[in-house]
Amino acid sequence: AEAAEGGGNNTDDVQGGGGGGEPLGVKIRACTEGNGGHAAFASILWSAPASGVSFYEALQQVPVDVLLLFGGDDPWCTEAVGKRMHVTLASRHNGGACRFVTLKNVGHCPNHEAPTAVSQVLIPWLNADGSEERRVVPLDSLREIQEPWGEVVIREISIEESESLGLIDRVVSSMVG
């Protein structure tokens, strides 16, 4: 209830660009309240992709190294979705690196909510020289970062942890693709 009312450090606290001063969560929710809003969101979640290729099948084709950086409190792109993406990307046959990092106390827009923490993870990744170095470069796992509004904990999730999704998380994450 606190998050829905704008309390706490989550996406509702992020001010959307473009003025108006309304929290991001209020703006996103408003999209669902008009005619057809719920149907539009439902179609995004449960419709077959127009291309005939699922989200996870498309991930298999990504030819570059990937850093998944998720807000740990994101209500839409949950950790279960990130874990499934991590497993899918790690199983590619192109040799590309893939790492998965969560930011505790951060919601759907990490780069806006926790720019200091995002840069602490992103800069070493970007400065790494190629896939082999990106697989091992320290990304400040379990490091606490102080943002102006509070503390963020950076945590890397291993491929072994990602592979151990429970039944409910497998079902929920399958709704994405």
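The model is predicted, so local features need pLDDT of at least 70 and side-chain atom pairs count only at pLDDT 80 or more, while totals for chains, interfaces and linings use all residues. Residues are numbered from 1 along each chain as its sequence is written, and side-chain values use heavy atoms, with hydrogens and water left out.

Four strands form an open sheet in the order S1-S2-S4-S3, with mixed pairing. Strands here are DSSP runs (E, at least two residues), as are helices (H or I, at least four), both numbered from the N terminus; two strands pair if DSSP finds at least two bridges between them. At the edges stand S1 (66–71) and S3 (143–147), each pairing on one side only. Neighbouring strands are turned by 25 degrees against each other on average, direction ignored. S3 joins S4 (residues 150–157) through five bridges in the antiparallel sense, and Glu144 stands opposite Val153 in S4.

Two helices can be followed next. Helix H4 (residues 79–90) lies across S1, S2 (98–104) and S4, at about 165 degrees to S2. Helix H6 (residues 115–127) lies across S1, S2, S3 and S4, at about 130 degrees to S3. Axes are lines fitted to C-alpha atoms, for helices over the stretch in contact, and angles run from 0 to 180 degrees between N-to-C directions.

Leu68 belongs to strand S1. Leu68 is buried (under 20% relative accessible area, with exposed over 50% and partly exposed in between, using a 1.4 Å probe and protein chains only), because its relative accessible area is 6%. Leaving aside neighbours within four places in sequence, its contacts (heavy atoms within 4.5 Å) include Met85, Leu89 and Phe100.
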